[in-house]
Amino acid sequence: MQYDVIVIGSGPGGYVAAIRCAQLGLKTAVIEKYSTFGGTCLNVGCIPSKALLDSSEHYHNAAHSFEAHGISLSNLKVDMKKMIARKDDVINQNTAGITYLFKKNKVESFQGIGSFVDKNTIKITKEDGTSEQITGKNVIIATGSKPTSLPFLPVDKKRIITSTEALNLTEIPKHLIVIGGGVIGLELGSVYARLGSKVSVVEFAKSIINTMDGGLGKELQRVLKKSVGMEFYTGHKVTGATSKGKTVTVTAENPKGEIISLEGDYCIVAVGRTAYTENLGLENIGITVEERGKKITVNDHLETIVPGVYAIGDVVTGAMLAHKAEDEGIFVAERIVGQKPHIDYNLIPGVVYTWPEVASVGKTEEQLKEAGVKYKTGSFSFKASGRAKASMDTDGFVKILADAETDEVIGVHMIGPRAADMIAEAVVAMEYRASAEDIGRICHAHPTYTEAIKEAALAATSNRAIHA
């Protein structure tokens, strides 16, 4: 065999798996079909969207908050070309970083589409039509996902677009219609709402971010409506979208069964993502994919039905999150060399990078009620936080759920400033099975946003928050 491990795909799961394999002394190769490494996350997902979120937040603060801080500006305007160029530079820095890490760790890379000839032989088809073959003792499938398409919603990539095209608009939409009230739709919608677009979100479920704790969706919808004027059509079933000239018309059925119509100049279809498992030649080694979602079935060791062939990240069951894929990549690398790693899927945090940010880990109240688990809850509002008052970020709250008998923390849900970073404290606490009282007794620096976590923990422990 030429290689100990061949990794197909260089997204967060793939490149992390490759680097860890190399660290463990395995001769490793990565196959990537695009000209840059990093997959969806670094090129058209997590990283570029955060770059635009930061840029748009700066503009929004300059337009709406600076005066209260005693800073006066005039002739404020957005240079979209410059904003997009900065976003592209951020992408280039990150993808170049992976190139450097591959060289540092002696990971060999190939550009082209990788497909199975047999379980140890991978054919690499290049852009010019030529091909070559490499062999490996183990193969890790890390090909990620792509935006889900709906048969009645044809994407023309001009006016009816996906998240990919939304990251490269050269103008600020007058009226942006977002189909899907999940993470992707809300993040991109908030980018353009901050820049001045009217943004309408159409969501089939009764609430936005409906996979997270119910209280988070209610608060986020309230704040986005108040702060950037986003409007929401929850409980609406989209029935179609058409584009004519510079006008997009979206039709939907409201909860009463009536048809409504929305007109805008752009429409983002953000109804989820589908595993990218096409053109892998899986049929050549006897692997079939699930009919819905196109995902690959694996066992508890992330190994497919074919020994030595593994799958990680968006192509397997579970949340489609970059950090989940990274953990799985490390898990498989360590399994291959005989170690016994562990992943607790209950402790993988979810984040929405709007402002305020939303973050969650563990069980939601809805899940605990459905399971009949007795629990207690403690909440603390950022309105009572000294640090939040100082930065004018008083929207949101922290909620801690603890077992009614043992006081062990079983869920933490927050919406507020820097929640994406603060959730790590909750993950650490839950990893070590901390009680709410444990968190309440830890000294938190003052003034900080994380004091809200301590106060929520105190509230869950005999209702003894100090500042509530």
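Buried residues account for 53% of the 468 residues in the chain. The structure is a predicted model, and its chain contains 13 helices and 22 strands. The radius of gyration is 23 Å, close to the 23 Å that the globule rule gives for 468 residues, so the chain is as compact as a globular protein of that length.

**Overall dimensions and surface**

- Taken along the principal axes, the C-alpha atoms of the chain fill a box of roughly 65 × 60 × 50 Å.
- The chain exposes about 22100 Å², of which carbon and sulfur atoms supply 50%.

**Contacts within the chain**

- Among contacts in the chain with a separation of 6 or more, 63% are between residues 24 or more positions apart.

**The second largest pocket**

- The second largest pocket holds about 840 Å³ of space.
- This pocket is lined by 35 residues, and those closest to its centre are Glu 57, Asn 61, Arg 194, Trp 355 and Asp 393.
- By class, the lining of the second largest pocket comprises 13 nonpolar, 11 polar and 11 charged residues.

**Helices in the pocket lining**

- At least two residues of the lining of the second largest pocket come from each of helix H3 (46-64), helix H6 (183-194), helix H7 (214-228), helix H10 (386-391) and helix H11 (419-431).
- Helix H3 gives the most to this lining, with nine residues.

Terms used:
Residues numbered from 1 in each chain as written. Predicted model: local features only at pLDDT ≥ 70, side-chain atom pairs only at ≥ 80, totals over all residues. Heavy atoms only, no water. 1 Å grid on protein atoms, 1.4 Å probe; cavity = no way out; pocket = protein on both sides within 12 Å on 5 of 7 lines; lining within 4 Å. Points joined across faces, edges and corners; volume = space filled by probe spheres on them. Helix = DSSP H or I, 4+ residues; strand = E, 2+ residues; numbered from the N terminus. Nonpolar A, V, L, I, M, F, W, Y, C, P; charged D, E, K, R; others polar. Rg over C-alpha atoms; globule rule 2.2 N^0.38 Å. Buried < 20%, exposed > 50% of the residue type's maximum accessible area, 1.4 Å probe, protein only. Contact = heavy atoms within 4.5 Å. Areas by Shrake-Rupley, 256 points an atom, 1.4 Å probe, with all protein chains shown as cover.
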